[in-house]
Amino acid sequence: MQFSVLEPRFERAVEDRDANRLAVLAVDALRAEAELTPKPGLVDRRGPGAHADMSLDLMLRSASTLRPFFREMAEISQGRKPSQQLREELAQIGRRAERAMLVSTGGVNTHKGGIWLLGLLTASASLLRAQTRSSAHVAETARIIARFEDRRSLAILTHGDLVRRRYGATGARGEAQKGFPHILSAGLPRLRSQRAAEAIEEHARLDALLLIMTTLEDTCLLYRGGKNGLLAAQRGAAAVLEAGGSATSGGMKKLLALDTRLVRLRLSPGGSADLMAATLFVDAIEQGASRIQTRTSASSPRISSVNEA
C-alpha cells in the first residue's frame, strides 16, 4: 500500500525533472548558437554583426528569460497527443514568452523565431517517451502540432507576414509544418558528419549553419535585403563550404569575407540561426544529453574580427 501511495509522487518527480531538462536544453541551444563564432552577419563573441540594437549579452539574457516558458510548454504536453487545444495552449505560452523577451531586451526582438521552433520541439519531445525521441520522431510530432491553426492568434501583421505575401517564403511556421527539413536533411547530418571526421565542435557547428543557409528562404534576409540579399547570403555560404568549410584557411577567408559583406549590407540570417539552435536541441534530445556545451573554441587565430579580416 505504501508503494502505491508513493508511486504517483515518484512519477511526478520524474516528469518534473524531464520538463526541466528539456527547458534547460532549449535555453542551452539558444545560448550555444549565440556564442558560435564567427558567424556571418550574426551576433557572436566578436560583436553585434549586422545588428545595431543587439549584443551577445543581450542574446544570452534573452535566452535565459525563456527557460520557465519552455518548461511550461514541456509540462502541459506530458501525457498528451497533438491536438487543436494543445496547439493553442502552446501559442498562449509562446505569446507570454515573447512579452517577457521584449521586457528583458528593452523591446528588441531577439528570439521570436526561436520561441516558435524550440517551443514546438520542446512540446514534441515531452509528448514522447524518452526511448522514442529520435530526431525524425520529434520533428514529425512537432509537424503535426504545427499544422493545427491557432484560432486565438492576434491579427497583427508581422515582418514574416509581409515577406510571405511578397515572396511566398513561409519562414519558421512553414519549416515546422514541413517537418523541419533543414534540420533533418542539412543541419543535423552535417553536424554529425563533421564530428565523425573529428572536426573541432565549433567548426562542425559553423559548417552546419552554413549548409542551412545555402537553401533556406530566410525571411530575415528577405525582409532586409529582398531576393538579392538572400542570394548573396546563400551563395556566400555555399562558397565557404566549397572551399573546404570553416576549418580550412580558404574556407575561413571566404567566411570572414561573407561576414564583412553582410554586415555592410546590414543583412543577418536570423532564420538560419534559429534553425541552428533547433538543430543543436534535436541532436541533444536524440543523444539523451542533459546539457549542451554552449561555448566552444576553435583555438585558431583565423577567427578574427570583421575589421581584421
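Biologist: What makes the chain agree with a compact globule, given its 309 residues?

Modeller: The test is the radius of gyration, taken over C-alpha atoms, and the globule rule is 2.2 Å times the number of residues to the power 0.38. For 309 residues a compact globule would come out near 19 Å, and the chain has 19 Å, so the two agree. Along its principal axes the C-alpha trace spans about 70 × 45 × 35 Å.

Biologist: On what terms should I read these values?

Modeller: This is a predicted model, in which local features need pLDDT of at least 70 and side-chain atom pairs count only at pLDDT 80 or more, while totals for chains, interfaces and linings use all residues. Residues are numbered from 1 along each chain as its sequence is written, and side-chain values use heavy atoms, with hydrogens and water left out.

Biologist: How confident is the predictor, and where does the pLDDT fall below 50?

Modeller: pLDDT is the predictor's confidence in each residue, from 0 to 100. The chain averages 91, and 91% of the residues score at least 70. The pLDDT is below 50 over residues 1-5, a stretch with zero contacts (heavy atoms within 4.5 Å) beyond near neighbours in sequence. Residues 299-309 are also below 50, but there the model has 19 such contacts. Where pLDDT is low, the predicted coordinates should not be read in detail.

Biologist: How many helices and how many strands are there, and what makes a run count as either?

Modeller: Both are DSSP runs numbered from the N terminus: a helix is H or I over at least four residues, a strand is E over at least two. By that rule the chain has 13 helices and zero strands.

Biologist: What stands out about the phi of Glu198 and of Arg266?

Modeller: Glu198 is not a glycine, yet its phi is positive, about 65°. Arg266 has a positive phi near 60° and is likewise a residue other than glycine. Glu198 is in the loop between helix H9 (181-196) and helix H10 (201-215), and Arg266 is in the loop between helix H12 (249-265) and helix H13 (270-287).

Biologist: Why are Glu198 and Arg266 classed as they are by accessible area?

Modeller: Glu198 has 73%, and is therefore exposed. Arg266 has 53%, and is therefore exposed as well.

Biologist: What joins Thr37 and Pro38?

Modeller: A cis peptide bond, with omega about 0°. Pro38 lies in the loop between helix H1 (2-35) and helix H2 (56-65).

Methods. Buried means under 20% relative accessible area, exposed over 50%, partly exposed in between (1.4 Å probe, protein chains only).
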